[in-house]
Amino acid sequence: MDFETPIRIGSLCLLLASAETLHGIARAVLVAPRVGKERALKISAVTGTVIAFGICFFQVPGIGLRTPSAHLALGVGLAIFMAAFDIFIGRFLMHKPWRKLWPDFDPRTGNHLIYGLLCLCFIPLTIWFMLST
């Protein structure tokens, strides 16, 4: 791994976090008032995954990873970063108590964030398979 790889991965993390933040704002302002919060959360799990796939499709090949395991590790790292980012925003920017943060990750509460994070684990690997064949 060269010096640029961690910088490219960090840039990808920031790009994903920025896009998902804007996506969350758009969901709350534009979609939720029209279809309701619960339905908006379901829709945004799908659209957020599509956005993440699109960003990764253009960014992951430039990182220079060469093996499937490296791409899977990248995906898991991205999912961990995004989960931590979501917790950080909720806790320190929105001042939510801890007990109100955990339902964001529980599909029984109507939130499907965990499914998006699981998909994110496999997006770089999927892109690697798509582009290596």
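Q: In which helix do Arg8 and Glu4 both lie, and how many residues apart are they?
A: In this predicted model, the side chains of Arg8 and Glu4 meet in a salt bridge, with 2.9 Å from N to O. Arg8 is partly exposed at a relative accessible area of 39%, and Glu4 is likewise classed as partly exposed, at 42%. The separation between Arg8 and Glu4 amounts to about one turn of the helix, for both lie in helix 1 and they are four residues apart.

Q: Is helix 1 roughly parallel or roughly antiparallel to helix 2?
A: The axes of helix 1, covering residues 4-35, and helix 2, covering residues 37-63, come within 9 Å and cross at roughly 155°. Angles over 145 degrees count as roughly antiparallel, so the relation of helix 1 to helix 2 is roughly antiparallel.

Q: Is the crossing of helix 1 and helix 2 left-handed or right-handed, and how many nonpolar residues does the contact have?
A: The handedness assigned to the crossing of helix 1 and helix 2 is right-handed. Sorted by class, the contact between helix 1 and helix 2 has five charged and seven polar residues, while its nonpolar residues number 17.

Q: Is the aromatic pair of Phe57 and Phe58 stacked or edge-to-face?
A: The structure holds seven aromatic pairs, and in the one formed by Phe57 and Phe58 the centres are 5.4 Å apart, with 90° between the planes. Planes over 60 degrees apart count as edge-to-face, so the pair of Phe57 and Phe58 is classed, by its 90°, as edge-to-face.

Q: What is the angle between the ring planes of Trp128 and Phe129?
A: Trp128 and Phe129 are each partly exposed, Trp128 with a relative accessible area of 22% and Phe129 with 44%. Their ring centres lie 5.1 Å apart, and the pair is edge-to-face because the angle between the planes is 70°.

Q: Is Asp106, which meets Arg108 in a salt bridge, buried or exposed?
A: By the rule applied, the structure has four salt bridges, and in one of them the side chains of Asp106 and Arg108 meet at 3.0 Å, N to O. Arg108 counts as exposed at 76% relative accessibility. Asp106 has 18%, and because the cut-off is under 20%, Asp106 counts as buried.

Methods
Residues numbered from 1 in each chain as written. Predicted model: local features only at pLDDT ≥ 70, side-chain atom pairs only at ≥ 80, totals over all residues. Heavy atoms only, no water. Phe/Tyr/Trp six-rings, centres within 6.5 Å; stacked < 30°, edge-to-face > 60°. Buried < 20%, exposed > 50% of the residue type's maximum accessible area, 1.4 Å probe, protein only. Axes fitted to C-alpha atoms, helices over the stretch in contact; angles between N-to-C directions. Helix = DSSP H or I, 4+ residues; strand = E, 2+ residues; numbered from the N terminus. Parallel < 35°, antiparallel > 145°, perpendicular 65-115°, else oblique. Left-handed = near helix turned anticlockwise from the far one by under 90°. Nonpolar A, V, L, I, M, F, W, Y, C, P; charged D, E, K, R; others polar.
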